[in-house]
Protein chains: 2
Amino acid sequence: MTHTPRTHLDRPLASVDVVVLTEDAGALCVALVERAHAPYAGLWALPGGVIRPGEDAHVEDTARAVMARKLGPSRFHLEQLQTFSGPERDPDGWSLSVAHLAVVPRRALSDMRPGVRLFPVDALPEMAFDHADIVAVAVARMRGKGAYSTLPTGLLEEAFTLPEMERAYTVALGQRIDSSSFRRKIRDLAILEPLPPGPRTGRGRPATRYRLAADIGPFNRTLSTGP
Amino acid sequence: MTHTPRTHLDRPLASVDVVVLTEDAGALCVALVERAHAPYAGLWALPGGVIRPGEDAHVEDTARAVMARKLGPSRFHLEQLQTFSGPERDPDGWSLSVAHLAVVPRRALSDMRPGVRLFPVDALPEMAFDHADIVAVAVARMRGKGAYSTLPTGLLEEAFTLPEMERAYTVALGQRIDSSSFRRKIRDLAILEPLPPGPRTGRGRPATRYRLAADIGPFNRTLSTGP
């Protein structure tokens, strides 16, 4: 580093925004916050916050603090998405945002703060800053990487049935998947562990519940859902 | 944004580092710069530079300026890799680096500035900052994404033969690939355009040369090289 900037304007304004994807009423949804103040008062924005050099160990820490402050889920998948930057994206000046993607089961969002609302990714409201672009990149990541990884299982509770898993992939990918080839691939990849059956609640055998096998990182194993 | 930091220490030091991957003597190599000054004088570092809010349109601009200043190729593939951050990675204080990945044909690097050297990714020298971690993420990206995309073709000149293409994939992935299934996939995906034959220089027909077809983004088409 040959040059150290000395005024705060020599350094970009640096923040983190989180695209929180979940499933609601059968649709892939994103959690947005209504802005109370300028700039963009009344428009919707991603939950976010400035990076706090004195407090955050790294940018993922900033993202987890944003999640805790505004959304409240305890268990969720979090990965870095992409860093967005430029002089125009924030009226306060040249800024960068290290955008993150969180994938969260709907029930884990029951404690959302007031002012946070879920919108289907295919029916977004008018959004502040460049946040519509950031959501578009997150949805493309979910639909692209979702087809060959366990990313869509982030939408599920820890224990789930095969129909619930298939539904999570359908919602995440935004398209119908072939049920029998999907189940054959899941079986061949051996990524699931069956759980002991719960108590009978009606007639017949309850559907077997599974969880992701302990020896795979939950989002590291390739899983093609193609035909 | 509810809070705007006012001193430069409230904002992280923000820079861009570029992992430049190329092929040299049959090995996947990275371009490193020997540091002349503290911190880490005498160790090797990625080419990089601070983000200049007054000058750069976005972080990719910073990365292209670094490439022009230190390496000089005109045509190369560039993509964002990941943002690294924290209080420990730079002795100057809490910093973030928006790391980029460049994939460059060897001949395009004939103008490298003095002090820049190529090292095989499997035989790296002692490196400054967290740059060894950044190189590891770049190599994992190349080997992971390389298996299902045209990313390895960034190692090639614009026109190439099929043996050259196969060799680029072998170098990029760090493993032998099955020649006949590779060529069958290339043919099935129809991602290449044959070029008119050049002049005969010896006995027999010269090998056909190809370029990537115009209607695919050079790095957007999936290409599985698996069996």
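The model is predicted.

Strand β2(A) spans residues 27-34. Of its 8 residues, 6 are buried, so the strand is largely enclosed by the rest of the structure. A residue counts as buried here if 20 or more other C-beta atoms lie within 10 Å of its own.

Several strands pair with β2(A). Strand β1(A), residues 13-24, pairs with β2(A) in the antiparallel sense over 4 bridges. Within this pairing, A:D24 has A:A27 as its bridge partner in β2(A). The two strands form a hairpin with 2 residues between them. In that hairpin, A:A25 takes a positive phi near 50 degrees. Strand β7(A), residues 116-120, also runs antiparallel to β2(A), and 5 bridges join the two. Here A:L32 stands opposite A:R117 of β7(A). Strand β3(A), residues 44-45, is antiparallel to β2(A) as well, joined by 2 bridges. The bridge partner of A:V33 in β3(A) is A:A45.

Helix α2(A) covers residues 131-145. At 1.5 Å a residue, its 15 residues should span 21 Å. The end C-alpha atoms are 21 Å apart, which agrees with that expectation. The buried residues of this helix are A:H131, A:I134, A:V135, A:A138, A:V139 and A:M142. They cover an arc of only 135 degrees around the axis, which puts them on the same side of α2(A). Their cover includes the strands β1, β2, β3, β5 (77-86) and β6 (95-103) of chain A. Helix α3 (162-173) of chain A is also included in that cover. Strand β2(A), itself largely enclosed, is thus among the elements that cover the buried residues of α2(A).

Methods: Residues numbered from 1 in each chain as written. Chains lettered and ligands numbered in written order. Predicted model: local features only at pLDDT ≥ 70, side-chain atom pairs only at ≥ 80, totals over all residues. Buried ≥ 20, exposed ≤ 12 C-beta atoms within 10 Å, placed from the backbone. Pairing = 2+ DSSP bridges. Expected span 1.5 Å × (residues − 1). Arc of directions from axis to C-beta. Contact = placed C-beta atoms within 7 Å.
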